[in-house]
Amino acid sequence: MGYFGGTGGGTTPPAGANRQVQFNDNGAFGADAGLVFNKAVKTLAVGGPVKAVGAFFTAQNIAPPDTELANGQMAIFFDADSNRVRFRARNLSGQLRQGQVNLGSA
């Protein structure tokens, strides 16, 4: 059997600019300038809150609503106004706990 070439279908160019992460956007390739991967240094840059759903923690730059914390989860976030790293945690009994670390002056 030989190779059957054709002109049907074509190719789909990648979505977004160089280094932007692609994702399924309602059945089409999508990308966003706020989601960039640099494979040379193995870093993922996210231009917004980062939320690890189903994990034991989330890391955000703003406080998450208390209702988003499930039992056994912790949220860590940076409060730029007070120069503090704050955290909230909900224990397995559903009690909400919180604390902070003062980063001091630069």
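Of the 106 residues of the protein chain, 13% count as buried, where buried means under 20% relative accessible area, exposed over 50% and partly exposed in between, with a 1.4 Å probe and protein chains only. The model is predicted: local features need pLDDT of at least 70, side-chain atom pairs count only at pLDDT 80 or more, and totals for chains, interfaces and linings use all residues. Residues are numbered from 1 along each chain as its sequence is written, and side-chain values use heavy atoms, with hydrogens and water left out.

**The chain as a whole**

- The protein chain has seven strands and zero helices; both are DSSP runs numbered from the N terminus, helices being H or I of at least four residues and strands E of at least two.
- The protein chain exposes about 8,100 Å², of which carbon and sulfur atoms supply 57%; accessible areas come from the Shrake-Rupley method with a 1.4 Å probe, and for residues only the protein chains shown count as cover.
- Among contacts in the protein chain with a separation of 6 or more, 4% are between residues 24 or more positions apart, a contact being heavy atoms within 4.5 Å.

**The three-stranded sheet**

- Three strands form an open sheet in the order β1-β2-β3, with antiparallel pairing; two strands pair if DSSP finds at least two bridges between them.
- The edge strands β1 (20-25) and β3 (43-46) each pair on one side only.
- Neighbouring strands of this sheet are turned by 50 degrees against each other on average, direction ignored; axes are lines fitted to C-alpha atoms, for helices over the stretch in contact, and angles run from 0 to 180 degrees between N-to-C directions.

**Pairings and hairpins**

- Five bridges join β1 to β2, and Gln20 has Val36 in β2 as its bridge partner.
- The hairpin of β1 and β2 has two residues between the strands, and Asn26 takes a positive phi near 60 degrees there.
- Strand β2 (residues 28-38) is joined to β3 by four bridges.
- Facing residues in β3 are Val46 for Leu35 and Ala45 for Val36.
- Four residues lie between β2 and β3 in their hairpin, where Lys42 in the turn has a positive phi of about 55 degrees.

**Arg88**

- Arg88 lies in strand β6 (residues 84-90) and is buried, with a relative accessible area of 18%.
- The side chains of Arg88 and Asp66 make a polar contact (3.0 Å), that is, a pair of N or O atoms within 3.5 Å; within protein, one must be able to donate a hydrogen and the other to accept it, and residues adjacent in sequence count only if both atoms are side-chain atoms.
- Not counting residues up to four places away in sequence, Arg88 touches residues including Leu69, Phe77 and Arg97.
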